[in-house]
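Welcome, and please open your viewer.

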Amino acid sequence: MAELLTVPIMVWLIHLVSRINNAATDYHAGFTLAVIAPIPLWLSSLTLFVPNLFVGVVIGGSRCCVQLD
């Protein structure tokens, strides 16, 4: 239930920040960003099912590299 409230709040904040920074955006782009942004976090949590430290380090390291770009 909390996820249903969190996404519109994130969209509202994205829209607010874009208006403060004079960037043109619409709510569709905000929803797209709000939905796609946490996917690397969800995927990295799946490494908890693999009992191998190397796999966890590789997946976690790739998550950091993706976020830095």
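## Along the first helix

Helices here are DSSP runs (H or I, at least four residues), numbered from the N terminus. Before going further, note that this is a predicted model, in which local features need pLDDT of at least 70 and side-chain atom pairs count only at pLDDT 80 or more, while totals for chains, interfaces and linings use all residues. Residues are numbered from 1 along each chain as its sequence is written, and side-chain values use heavy atoms, with hydrogens and water left out.

**Select Val11, His15 and Ser18.** These are the buried residues of helix 1 (buried means under 20% relative accessible area, exposed over 50%, and partly exposed in between, with a 1.4 Å probe and protein chains only). They lie on the same side of helix 1, because they cover an arc of only 70° around the axis; the arc is that of the directions from the helix axis to the C-beta atoms. An α-helix has 3.6 residues a turn, so residues three or four places apart point the same way.

**Turn to the other face.** Pointing away from the buried side of helix 1 are the exposed residues Ala2, Leu5 and Ile20.

**Zoom in on Ser18.** Ser18 sits in helix 1, which covers residues 2-20, and has a relative accessible area of 10%, so it is buried. Beyond its neighbours within four places in sequence, Ser18 is in contact with Ala23 and Thr25 (contact means heavy atoms within 4.5 Å).

**Step to Asn22.** This residue is in the loop between helix 1 and helix 2. Asn22 is not a glycine, yet has a positive phi of about 55°. Is Asn22 buried or exposed? With a relative accessible area of 71%, Asn22 is exposed.

The buried residues of helix 1 pack against helix 2. To see where the helices meet, show Val7, Met10, Val11, Ile14 and His15 in helix 1 with Tyr27, Gly30, Phe31, Leu33, Ala34 and Val35 in helix 2.

**Finish with the crossing.** The axes of helix 1 and helix 2 come within 9 Å and cross at roughly 120°. Helix 1 is therefore oblique to helix 2: angles under 35 degrees count as roughly parallel, over 145 as roughly antiparallel, 65 to 115 as roughly perpendicular and the rest as oblique. Axes are lines fitted to C-alpha atoms, for helices over the stretch in contact, with angles from 0 to 180 degrees between N-to-C directions.

Note on methods
Helices (H or I, at least four residues) and strands (E, at least two) are DSSP runs, numbered from the N terminus.
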